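Let's take a walk through this model together, from a single residue out to the whole chain.

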Amino acid sequence: MKKTLILSLLSLSSLSSMAQCIQRDNKIEAQVESILSQMSLTDKVGQMCELAIDKVAQKSSDDHVIDNKSTKSLAGGMLSAQAVNETFGTYKVGSILNVPEGIAQTPEVWSNVIRTLNSASAFQCNGVPQLYGVDQMHGASYTWGATLFPQEVGQGASFNVNIPRRIGEITAYETRACLIPWVYSPVMDVARSPLWPRMWESFGEDVLVNALMASQLTLGLQGNDPNHIGMNNVAACLKHYLAYGAAVSGKDRTPSSVPYRDMMEKYFQPFKACCEAGALSIMVNSSNNSGMPFHANRKLLTEWLKEGLDWDGMIVTDWADIDNLWKRDHVAANKKDAIAMAINAGIDMTMDPYSTDFCTLLTELVNEGRVPMSRIDDAVRRILRLKIRVGLMDSKTWDIPYTAQKKKDPSLQKMYADFGSDKFAKEATAMAEECMVLLKNNESILPLTQGKKIFVCGPNANNFRPMNGGWSYTWQGNKTDEVCRKIGKYNTFYDAISKKFGKENVEFSEMVTYDPKNFNNDYQVPELLIEDGNRTADKIARADVIIACIGENTYTETVGNIDDLTLSRNQIDMVKALAQSGKPIILVLNEGRPRLINEIEPLATAIVQTFLPSNYGGDALANLLAGDANFSAKLPYTYPKYHGSFITYDCKPCEYVETMDGAYNYEANTPVQWPFGYGLSYSDVKYSDLTVKQSADNLEFTVKVTNNSDRAVKEPVLLFISDLVATLTPDVKRLRAFDKVALAPHESKTVTLNVKPSDLAYVNEDLQWVLEPGDFKAAIANQSLIFNIK
């Protein structure tokens, strides 16, 4: 029987506890209007164009504006005077993106390049400097010597919102040391397919985890006042709006097929949370939803986002995606029509990396009346507002290069003194410890005792590249091992294990190695065969325990598309061969998405999921294996067991239970390797005394959490709530609140989690938020109770 609707319409979100959207600053608005009033149509259209740094890069025959070949970096930053003058003088371009030479640069090189671009653009664009944007994804990842952190999927596993907040703060600090004011982060794509090659860039499969983690990362990047971004902060750019992680095929830049009510109830929520936290810009999903390209979707870009939230930030396309409207998606006949479609839908700035045709064509569209001037003015207001908020209109923030600051003004010497510091390194190590999940620990083999003989092997054991993942020094992360070894202060898994347990006790053979030219290929090294007299066999024979580091090589975006989630055959065969020795095996998984390991999971005594822990992941793993730190993370996604059995934890009842009796006995059981929220520790944590206290506007849940062990532990406390009967089939359960509690040995704490009744609403077929009276089930670990909404 249907229940009576008691709330026919709520706000556009049930996550109403977030802060409000940005309160406009009258002084900034007046400055925006003053600048806008002095701009010609050419000036305005130019502001809406973003080009790649390659477009203004030095060619061999060009005269140099700057030449940083003398700076100590892997690649110097060079600009062409002719290209710079044309870009800003003729086309009045408003933004430049990407990294010089395609590889990480030092703060000195970055500062020199950006100062030069700012000066040239301000001189030729009515005093308005260009806005430089970079994909600094897990730290200042395109900066030589910066502190890198676990990728977002590992941060999600920590269930500790303080981690992305602090990562955002340090990332912003080290990015602004390069004079970079704008980063394309955070990613909050709810990752619904384990095949998706960008799963590791998100916080996992859950809506609430993405919303809370991403909003904290946004606050870390921007600070608490989005109207005034200081010199230790940067503007955030949320991505990729909307439902990018829900591709039907699981492949990058391919269509989703999400109903608008699911779009509103789930995928929109992390973006709304971040807008309410003050996010200043948003990047759009490159693909389409049921045939409607997101870059042409006025409902989502303007009605939901700009008007629905009264959000005054700026929307930018992804790479060349206006071109994709006509070249790939065939919803426009030519580029000019595509530009009209995208700008009228709500796009403010186009990432048209190698062409200024956008400027010419958009000018024509305005003169022809196909794009109204009011839309142009709205877009340029948003761009100018962002530039003012991030401090670009004050030349003091960019006029003096990084190196000159230290030489000319001693008072500025401490501005970025902590860049790449030991202080940040210690924080990154501690964070990596909280981002690794203990999935199996039979016979309590972990922690390992000192003095044991250890054999370390696998393609991920002694390689910084897979530890970091993509967006690390280069787009694909293919130069990471080279860069890290030149920097010389980081430890691979093997390095760290050797230092922790003693080099005399640890031996290594790679056994399988990655193909440097193809991320998805690996091959056996000559020592694979385990037989008498073989060097690898001798090492195994001397070992008490084997640590096999397996997983994936780096990839980014469409390069990471695969057809089969199963771990590579060479790595599976390697583990099977190791098992023949009879020695206990510890599998260390180092992967951006959950590769299938059902063939070898039974062969392992222990399994650790490290995700992509970055440069300090080796130290973190060694600390955890030795028991110097305790595991405290849980899976932020459902780990599948078979390729044909992909499911998320918040599925519908018919996806996992027997649904029909009779001759056919239809059954939809979906086996998984490990469920969402699963994770072990070295401590025995018990839950008891779950209660709920209800009021008109709050549900207060309390539960007692006890550490029955001699080890301190941090325990994620996850509250799931199920709607037992609803007009539309409810999800099996939804994560509605979580916290992480630190427990000393044998300590008990009462944890309180608050949920608003409106958070239990769902979106109906009319796109209204509705809350229905009836019974709900709350569960935390093994504790559960039924409560009623009247």
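D739 sits in strand β26, which covers residues 734-743. Please keep in mind that this is a predicted model, so every position discussed here comes from a prediction. Is D739 buried, exposed or partly exposed? With a relative accessible area of 39%, D739 is partly exposed, because that value falls between the 20% below which a residue counts as buried and the 50% above which a residue counts as exposed. Leaving aside residues up to four places away in sequence, D739 touches F159, E715, P716, V717 and L753.

Now turn to strand β18, residues 545-551. How many of its residues are buried? The count is 7 of the 7, so β18 is largely enclosed by the rest of the structure. The cover extends to both faces of this strand. On one side are V545, I547, C549 and G551, on the other I546, A548 and I550, and all of these are buried.

Next, find the open sheet of 8 strands. Reading across, the order is β11-β8-β7-β6-β5-β4-β1-β12, and the pairing is parallel. Which strands stand at the edges? They are β11 (314-316) and β12, each with a single partner strand, so one side of each is left without a neighbour in the sheet.

Strand β4 (residues 95-97) runs parallel to β1 and is joined to it by 3 bridges, with L51 standing opposite I96. Strand β12 (residues 350-351) also pairs with β1 in the parallel sense, over 2 bridges; here E50 has M351 as its bridge partner. Elsewhere in the sheet, strand β5 (residues 131-134) and strand β6 (residues 182-183) form a parallel pair over 2 bridges, and V134 stands opposite V183 in β6.

Finally, step back to the whole chain. In total, the protein chain has 21 helices and 31 strands. Its radius of gyration is 27 Å, close to the 28 Å that the globule rule gives for 790 residues, so the chain is as compact as a globular protein of that length. The C-alpha atoms fill a box of roughly 75 × 70 × 55 Å along the principal axes. Of the 790 residues, 64% count as buried. Among contacts with a separation of 6 or more, 78% are between residues 24 or more positions apart.

The accessible surface of the chain comes to about 28,000 Å², and 48% of it belongs to carbon and sulfur atoms. There are 79 positive and 93 negative side chains, and the centres of these two sets lie 3 Å apart.

Methods:
Residues numbered from 1 in each chain as written. Predicted model: local features only at pLDDT ≥ 70, side-chain atom pairs only at ≥ 80, totals over all residues. Heavy atoms only, no water. Helix = DSSP H or I, 4+ residues; strand = E, 2+ residues; numbered from the N terminus. Rg over C-alpha atoms; globule rule 2.2 N^0.38 Å. Buried < 20%, exposed > 50% of the residue type's maximum accessible area, 1.4 Å probe, protein only. Contact = heavy atoms within 4.5 Å. Areas by Shrake-Rupley, 256 points an atom, 1.4 Å probe, with all protein chains shown as cover. Lys, Arg positive; Asp, Glu negative; His and termini not counted. Charge placed at Lys NZ, Arg CZ, Asp CG, Glu CD. Pairing = 2+ DSSP bridges.
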